[in-house]
Amino acid sequence: MMEGVVLKLPSFQFQLHFINPSRCSSCFSSTLRTSSSPSLRFRFRRFSSPFSVSASASTARETDNLHLGSLSLGHSTRPDFPILHQEVNGSKLVYLDNAATSQKPIAVLKALQNYYEAYNSNVHRGIHYLSAKATDEYELARKKVASFINAGDAREIVFTRNATEAINLVAYSWGIANLKSEDEIILTVAEHHSAIVPWQLVAERTGAVLKFVSLDEHDVPNLKDFKEMFTTKTKLVVTHHVSNVLASVLPIEDIVSWAHRFGAKVLVDACQSVPHMVVDVQALDADFLVASSHKMCGPTGIGFLYGKIDLLSAMPPFLGGGEMISDVFLDHSTFAEPPSRFEAGTPAIGEAIGLGAAIDYLSEIGMQKIHTYEEELANYLYENLRAVPNIRIYGPVPNAQRAALCSFNIENMHPTDIATFLDQQHGIAIRSGHHCAQPLHRALGVSSSARASLYFYNTKEDVDYFIQALNDTVNFFDSFK
């Protein structure tokens, strides 16, 4: 019988041996065992189901309260998220990968279950009770999104598979129809790949030119260069609101004002802002704005595009098929008004309803309350992380506006090694890699980074545990030098 399993991690220069518990009962220990050879013997660890925690939610709340002295927003909301109450690799799960996706509260899980159990049906196409009920709830979700971002009309909200599809919708509908050779599109080097690649493809087809705003000495897009980059040829600005790597927050109102002076449109990637702060599209005056459900406590598989109604009404369809038509003839078709024009085929009905439930949940807490709490967490994370030896944190310092995430590197340590060790030895989930921002990492002079990102259900204790575990990780790797 095989005594153990050997796993070689991405850039470790040694091997980790997972010991068969039936062969070595003495291996169940809370400390790492090292020998003269460069190998580690890891204990097997228990993975507990998150679905058995509802009965202990009040106990967890009381225990956390003892540590904090008073109930923070993180402590008061944690019982609503079953997935957080489990052990991973023998340690309590600490989830710090919220910029990649958020966890889902019980209210959202119940909304999805209720849809499939009680009124699952296709929308807009039936007169029976189930179809009418599904249609009402689906369209109610659209109204909730519109209200959440203060759109002037629910028709300005188009449901998409995700924010990536929403950007592609604008690129291939508005972009192809309105851009021509030598027209200019301004972006920043800090954009997510989803906000760069579609416009590269459109530029290839139209002859438009992409211009990129570089970083300043504080590792944020240079606003002076940004403002000076506009010309009479500028037709579109594509920019993030909050950077998923730098944690910087751009002044969208100013950028929109600069663009509109030249008659240019603005598309805002709000994936990292809509879940964390009050976003008012009318105050921003953005022409287009995109966001994803899964980053704001909603289901995966759905996002949305906000577009000013006059722009959407003038745009041709993105995809053809059912639902987006007015009439179909053998030689031509006519198309529905927005938003139906851009929602071809059966939509993600349950996911839209789940997004509506997530918006209800966030609204009940209050987005300003969430933002205020996260500002405190952001400062706490940054100040504690900067004390780790030989660390570089990317983005602005906290006295500037900064989101609750930190991307970082530690000298002579690979980000994937850090993330792997934190997961396997401490149950901490962070992200490593280029975070879909390779041009930004090149501008920073690195190929990848580690990232810890927080949400309102995180606590200062989560940060404390992460910092302690990160220091342990640094000490461990330093011992091999």
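Tutor: Here is a walk through the cavities, then the nonpolar cores. Keep in mind that this model is predicted.

Searching the whole structure turns up four cavities of 30 Å³ or more. Domain 1 (73-96 + 367-479) and domain 2 (106-364) each supply at least three of the lining residues.

Now the second largest cavity. About 70 Å³ of space lies there. Among the residues that line it are Asn98, Val242, Gln272, His276, Glu374, Ser453 and Leu454. Six of its lining residues are nonpolar, four are polar and one is charged. Again, domain 1 (73-96 + 367-479) and domain 2 (106-364) each give at least three.

Next, the packed parts. In soluble globular proteins, nonpolar side chains tend to be buried together. The largest nonpolar core here has 103 residues, and Phe456 and Phe466 touch the most other members. Helix H11 (residues 349-365) gives the most to this core, with 10 residues. Both domain 1 (73-96 + 367-479) and domain 2 (106-364) put at least three residues into this core.

Look at Phe456 itself. Leaving aside residues up to four places away in sequence, its contacts include Leu73, Phe81, Cys297, Tyr361, Ile370 and Glu374. A second, separate core has 28 residues, including Leu187, Ala195, Trp199 and Val238.

One residue links these topics.

How values were computed. Residues numbered from 1 in each chain as written. Predicted model: local features only at pLDDT ≥ 70, side-chain atom pairs only at ≥ 80, totals over all residues. Heavy atoms only, no water. 1 Å grid on protein atoms, 1.4 Å probe; cavity = no way out; pocket = protein on both sides within 12 Å on 5 of 7 lines; lining within 4 Å. Points joined across faces, edges and corners; volume = space filled by probe spheres on them. Domains from an automatic or database assignment. Nonpolar A, V, L, I, M, F, W, Y, C, P; charged D, E, K, R; others polar. Core = buried A, V, L, I, M, F, W, Y, C linked by side-chain atoms within 4.5 Å. Buried < 20%, exposed > 50% of the residue type's maximum accessible area, 1.4 Å probe, protein only. Helix = DSSP H or I, 4+ residues; strand = E, 2+ residues; numbered from the N terminus. Contact = heavy atoms within 4.5 Å.
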